[in-house]
Every structure is written in structure tokens, then in C-alpha cells.
Amino acid sequence: GTDAPLLLSVARWLGHLGLLVAAGAAAFSVLFLPSDRRGDAARGRVRIAAAVAVVVATVGWTAGVPLVALYQLGLPASALGEASTWSAVARTDYVVAAAVVTGLLLAVAALPRTAPGRGRAAAVLAGCAVAVAAPSLSGHTRAATPELLVIGVDVLHLVAGALWLGGLVAVALVLEDLAGRDDAGAVALSRFSTCAAGILVVLVVTGSFAAWRIAGSWSALLDTGYGTPLLIKVMAVLV
């Protein structure tokens, strides 16, 4: 197939960036921040960052649906006013976009202002899980085999990416504040760093496996325009 147009590529990048940052930051808030009032200010900062990321994700995923229709049908923007254009979009695309946005909204709405109880933390993580798992139900993963295994690996890849990227954003936002509150900063950073080491391994392994199944062979990772940039990204992550 041909490369997607620039506007669609931008929408996809914004959608995934917002998704990973929002879900990862929300999960960081309930998993790694101090479970007492020392983390309240940090929770407020992370909540704001997650809300901004949700807006970015919503714009990207919402805009992506009609842009995919125009791209696949080869139609001009004026065709968006025609019902036939919207009916040509696969139902899965609507469901995935709705699940991502709904899951993120639920997660951010459930983010606590003070130390969360188990119920509130579970609600945040459940919203994140729905949002992060949804993209694997459409796109290139559905074309690779064995389908269930590839989808599972892709979900795991997105979970790891969200925890890593969203976690890094959250650390950058809260570390200075927590550093002045006894050992709260050290504890939070230690928890996240320990988890992040394993997350990076999962990210590289799952990404490499998914790329192999999508490309069809290991040699394709070396000889194609898809494989070469991917290997560069893997090397950068390893460093």
C-alpha cells in the first residue's frame, strides 16, 4: 500500500502519544506515588498532565476516523459530508476510537486527589487497560498470524510503552516536589526505576516479535523500509 498522507500520520502520532502519556501517568499516580498526604501535590500535577494528554489523544483518535475513510477511498475532504463516506469506515475503527477515549476519560476522572483506596486505584487501572488494549483490535496486528498471539503481544507492548513513557513524564513533573518531602522522592523513583528496567525489556522483546510477525521474516527487518527504521528505534531504546 501507499504511505498514509501527512495529516493522517500526524493524527495517528498525536493519538498514540496522548494515549501512552495519559494512561502511563494515570497508572503512575496510583502505583508509584506515596500512599499518604506527602504525595497529594504530586498527584495534582500528574492529574493535570494526564488530562491534557487525554485531550491530545481525543483529538488524534477522533480525527483519525474520517481521515482513514478519505485515505482508503481516495476522496477529497468535501466527501465528509456524504453518508457513504462514513458508512465505508469499518465498525472496528469506531469502536477502537471510542474505547480509547472512554477508557482514558474514566481513568482520569477516577484519579484521586489524596491517597487512593483499592477501589479508586482499580478504577483508574481498569480505564487505562481498556484504552491501551483497544488499538490492538485493529490495524496491522490483525493481518499477522497467529492472530491471538500477535494481538496479545501488541497489547503487552502498548502497556509497557504507556508505563514507560507516561512514567517518565510523571517523574519529571513530581520528582522536584517529592525530593523535599523526607524520602518520598527516593522511594517513588526507586519503585519506578525497578519497574522501568523490566518494562524496557518487555518493550524491546514484544516490539521485535510483533515486527517479525508483521514483516513475515527476520530478513525483512534488514531489507525493507519498514524494518530498518524499526531496528534503529530498538537500538536507541537499548542504549
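Modeller: Before we start, one term: buried means under 20% relative accessible area, exposed means over 50%, and partly exposed lies in between (1.4 Å probe, protein chains only). This is a predicted model in which local features need pLDDT of at least 70 and side-chain atom pairs count only at pLDDT 80 or more, while totals for chains, interfaces and linings use all residues. Residues are numbered from 1 along each chain as its sequence is written, and side-chain values use heavy atoms, with hydrogens and water left out.

Colleague: Thanks! Is S136 buried or exposed?

Modeller: S136 is buried, at 0% relative accessible area. Its place is in the loop between α5 (118-133) and α6 (147-179). Helices here are DSSP runs of H or I with at least four residues, strands are E runs of at least two, and both are numbered from the N terminus.

Colleague: What does the side chain of S136 contact?

Modeller: The side chain of D154, in a polar contact at 2.9 Å. That term covers a pair of N or O atoms within 3.5 Å; within protein, one must be able to donate a hydrogen and the other to accept it, and residues adjacent in sequence count only if both atoms are side-chain atoms.

Colleague: Switching topic, how many salt bridges does the structure hold?

Modeller: One. R43 and D40 pair through their side chains at 3.0 Å, N to O. The criterion is a side-chain nitrogen of Lys or Arg within 4 Å of a carboxyl oxygen of Asp or Glu.

Colleague: And where do R43 and D40 sit?

Modeller: Both are in helix α2 (residues 40-73), about one helical turn apart because three residues separate their positions. R43 is buried at 1% relative accessibility, and D40 is buried too, at 14%. As background, an α-helix has 3.6 residues a turn, so residues three or four places apart point the same way.

Colleague: Nice. Which residues make the nonpolar surface patch?

Modeller: L6, V10, L14, I48, V52 and V56, over about 520 Å². Patches take residues with over 30% relative accessible area and no salt bridge, joining nonpolar side chains (Val, Leu, Ile, Met, Phe, Trp, Tyr) within 5 Å and like charges within 9 Å. The areas come from the Shrake-Rupley method with a 1.4 Å probe, and for residues only the protein chains shown count as cover. α1 (6-31) and α2 each supply at least two of the patch residues. V10, in helix α1, is partly exposed at 38%.

Colleague: Last one: how many helices and strands overall?

Modeller: Nine helices and zero strands. Buried residues make up 42% of the 239 residues.
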